[in-house]
Amino acid sequence: MRAINGFIEWVFMFVAGSLFAVFITTIAYQVLARNYLGISVNWTDEVALLCFVWSVFLGAAVAVRRQVHYVVELLPEEFITTNNALRLFGSLACLPVVYVLVVHGQIFTGMGLRRSSISLGIPLAYVFAAIPVSGLAMALFLIEVIQTDLRRLRTGGAGEHQQGDL
Amino acid sequence: MPPILTLIASFLVLIALRVPIAFAIGLASIMTIWQLGIPLTSVVNQMFASINSFPLLAVPFFLLLGRLMNDGGITDRLLNFADATVGHIRGGLGHINVMVSMMFASLSGSAAADTASVGGVLIPAMKKAGYPAPFAVALTAASSVLGGIIPPSILMVIYGAFGNVSVGALFLGGIVPGILIGLSQMGYTYVVARKFDIKPQQKASLRRVAETGLSAAPPMILPIVILGGITLGVFTATEAAAIAVVVGLLLSMGLYRAIRPSALPRIFSDSVIAYSLPMFAVASAGIMGWLISYLGIAREVAEFILSITETRIGLTLMITAFMLIIGTVLSPVTAVIIFLPIIQSIGTIGGIDQVHLGLIVVLSLMLGLVTPPYGICLLIATQIGNVSTPRAFMAILPLIGLVLAIIVAGIVLPALFMFLPWTFLPDAFPGR
Amino acid sequence: TAQTLRLATVVAPPHPWIDAAETFKTEVEANTDLTVEIFNGGQLGNDQTVVDEMRIGTVDVMIGGVQNISPFVKKFEFFSLNYLFDGMDSFRAATDPDGEVFSFFKQEVADAGVGLNLLALTGGGTRNLNASSGPVTSPEDLDGVKMRVTGSQLDAEMWQATGALTTSLPWTEVYTGLQTGVVNAFESTISGYYGGRLYEVAKFHNKTEHQIMMSHISISEITWGRLSEEERATVEAAAKLAAERGTDMGEQYDNELISKLEEQGVTVSEVDKQAFIATASPLHEEYAERLGMSDMLETVRNLR
Ligand code: NA
Ligand code: NA
């Protein structure tokens, strides 16, 4: 499990990072083309947005594994058992959302086969697919996270303070 | 239970139970949609729709820029220079934070981008200098709301376009409150710096000022690129952000050689996580905003407000209060688009000038950017500063209070905000 | 139980689409047990998001420009051709519910399989060219001018034919784009230009009249399937009346707005329309062929 998830995380980060690099380059090219090359370009916004949407969903999935999504921590860290129970609850509560991302994300992707992008004319299914793909990875990551939550609840160890907690 | 109660109550319970916010919004919406008996596919449609927006692209760029400036040693150079010039004034770094945000605000219409870029540099620096981390986070977030107040402002453009109000007049009207907020924040910084006894340093020698100035000169190209590029019409705010990243890369890798090419993948993937978090929350908030429109709650709110008061000041205060509450769960743009018809009809009944009303609404909604759960600037700042939200929220309360005081002053004394638009754009006010 | 029909538009009043929506509401509510709730100003999302909601079954009716749904029904790109109609008479003939053009598109929408049922075609006002740098009275005036267009390839190429340097900006960035000079010209409906206060930053309004905005009233297939025979008949008749109202109001607003613009100090110029037509016409056959609509082009030309 850990090994598979680790691999998925690596692939996601690699792809998302590359997409980020692509969309910076795309927008820089747009400025260059319009102002200095005198070329009309109208595909750049669309490519940049496509990369952006994919990278957000891939990044959001990895953030599930790293447990860095924003949470409101009302209880101080001293309440170890309660906090551990809440951690478990928080992870379980993500499951219905992940279910919708996977199942309805797939339906939505199907709908995207008949909706094309405005300037490139490609089916938007290629963009929508980011949602179920991200959902599937979140499901795998959540299994691992829930295992950790359960172990921590049994052994009574304190979870580390989450990075970037809200 | 009425669907709106399901939506709001389940959302509040879920975040209190430590469910990640983006997922709490999602789950509350799923439960509401389930109760309404409509298909859940709307959830993913609305998630996609809310992040499929070009202006949002500026956020990743400025997050990355902040990182490059840090890793590339640019931040240190800027700070050394700032230190040498204003370090001897009490609260120097805090003043710089506010000043930079005011300058930044005059370049960009986006508050979130300001938090990301200024915060990425100044939060670590302020922490290092001995400011309490929650204060550094709070000041950065609070000052960056100026991005939507000092012109240009994306929110004002949208307000004007949807509400048929002069955008130029809104821009002019944003100047005075913007400057007042900035000054009040600098005043508060001075008080905090005194309280925590942040040591003002000795006045630097002229030689040191010159040295640090020379060392900081190349990165100064960045604001010039952004400011010059936008004012000369070379690029839009989003494009300016992308160009600033390219210049930042050239400086840190080419000129300073502080970042090796092999470090780039790491920097890029860290930045992806840093923007995915707020953007995934934006995607989720989009579902909730859509549900609020869909349920027709806006109309009920208008009737409720008019049943309480019909005086000008009373109505404006009610709208302010309502916008503050709405701003905690909706992005300003969504809130404006959803509630504008109601706001404007209340304004007409109460005899409130539409430009003045627009300014009050924009100011109140900008505060929503620093109030959790949907407080994107506070989210980004806490992310950078590694501070928990309750602590950051406590620290930002006095700063919110200052903005509120300025809003109330503007409500009671319309001329305070409206002097500039009245003087320079008399055509926009045919009744006067 | 009585159903509620949710009707979505992306515009704010005053706008011909909203007048059409109100006529639709009045007619449907007077003759059936159905209630119509109008959501304007894009409260339920932009046009593409709304179409997807209609496919899902949460939004029932929409009124909007056909170009915005061309991502779903490609052949609607046809109406992006500048100077396709030579005036209001041929435009009205094209929107005639008993005419060939309407029945062609009704079938196209059904065949696209995107859960929409086209009820009527209507008008949304005339599209003109606006500029910040000076009056544009002939295509030469656009030579090398940075012009904002929608993301559509066809739109871009239509204007590139005049020599303009096109760039695609979101509508919400047009104001600041003009103010700073990222773009110096854009085309839009007169009501879009007036309502967005874009005359503050682009003081030259040029009556190119290159398009009369083809607009549609559509209902979700899912909703349609739930209606009784009588309700369907009423809804269809209501859409027809609404469509006529929309076209009429589009014309009326345009006339009113032009004089209001002059009061605001906007320079309104007549253009050498023949010269603009000359740049656009050669592209008509090429695009019609690309879209597989050469016959339709012939049909529309014969409406004149
Ligand atoms: Na600004
Ligand atoms: Na700041």
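Okay, let's start with chain B: of its contacts (heavy atoms within 4.5 Å) with a separation of 6 or more, 78% are between residues 24 or more positions apart. Before I go on, this is a predicted model, where local features need pLDDT of at least 70 and side-chain atom pairs count only at pLDDT 80 or more, while totals for chains, interfaces and linings use all residues. On bookkeeping, residues are numbered from 1 along each chain as its sequence is written, chains are lettered from A and ligands numbered from 1 in the order in which they are written, and side-chain values use heavy atoms, with hydrogens and water left out.

Back to chain B, then. It has 21 helices and zero strands. Those elements are DSSP runs, numbered from the N terminus: H or I over at least four residues for helices, E over at least two for strands. There are 432 residues in the chain, and 62% of them are buried. Buried here means under 20% relative accessible area, exposed means over 50%, and partly exposed is in between, with a 1.4 Å probe and protein chains only. The chain exposes about 14,800 Å², with carbon and sulfur atoms supplying 70% of that. Accessible areas come from the Shrake-Rupley method with a 1.4 Å probe, and for residues only the protein chains shown count as cover.

Asp197(B) has a positive phi, near 50°, and it is a residue other than glycine. You'll find Asp197(B) in the loop between α10 (167-195) and α11 (206-216) of chain B, and it is partly exposed at 41% relative accessibility. Over in chain C, Tyr83(C) also isn't a glycine, and its phi is positive at about 60°. Tyr83(C) sits in the loop between β3 (61-65) and α3 (88-95). Is Tyr83(C) buried or exposed? At 7% relative accessibility, Tyr83(C) counts as buried.

On to charges. Side chains of opposite charge can pair when their charged atoms come close. I'm calling it a salt bridge when a side-chain nitrogen of Lys or Arg is within 4 Å of a carboxyl oxygen of Asp or Glu. How many are there over all chains? The search of the whole structure turns up 24.

Let me walk you through a few in chain C. Glu77(C) pairs with Lys74(C) at 3.4 Å, N to O, and Glu77(C) is buried, at 15% relative accessibility. Next, Lys106(C) bridges to Glu236(C), with the closest N and O atoms 3.9 Å apart. Lys106(C) is in helix α4 (residues 100-111) and Glu236(C) in helix α9 (residues 229-263), so this pair ties together parts 130 residues apart in sequence. Both ends are partly exposed: Lys106(C) at 26% and Glu236(C) at 32%.

Then there's Glu209(C) with Lys273(C), closest N and O atoms 2.9 Å apart. Glu209(C) belongs to strand β8 (residues 204-220) and Lys273(C) to helix α10, so here the parts tied together are 64 residues apart in sequence. Glu209(C) is partly exposed at 32%, and so is Lys273(C), at 29%. Chain A has a network too: salt bridges with shared partners join Glu9(A), Arg65(A), Arg66(A) and Glu144(A).

Last stop, Asp272(C). This residue is in the loop between β9 (267-270) and α10 (273-290) of chain C, and is partly exposed, with a relative accessible area of 40%. Together with Glu140(C), Asp141(C) and Asp143(C), Asp272(C) forms a negative surface patch. Patch residues have over 30% relative accessible area and no salt bridge; like charges are joined within 9 Å, and nonpolar side chains (Val, Leu, Ile, Met, Phe, Trp, Tyr) within 5 Å. Lys and Arg count as positive and Asp and Glu as negative, leaving out His and the chain ends, and each charge is placed at NZ of Lys, CZ of Arg, CG of Asp or CD of Glu.
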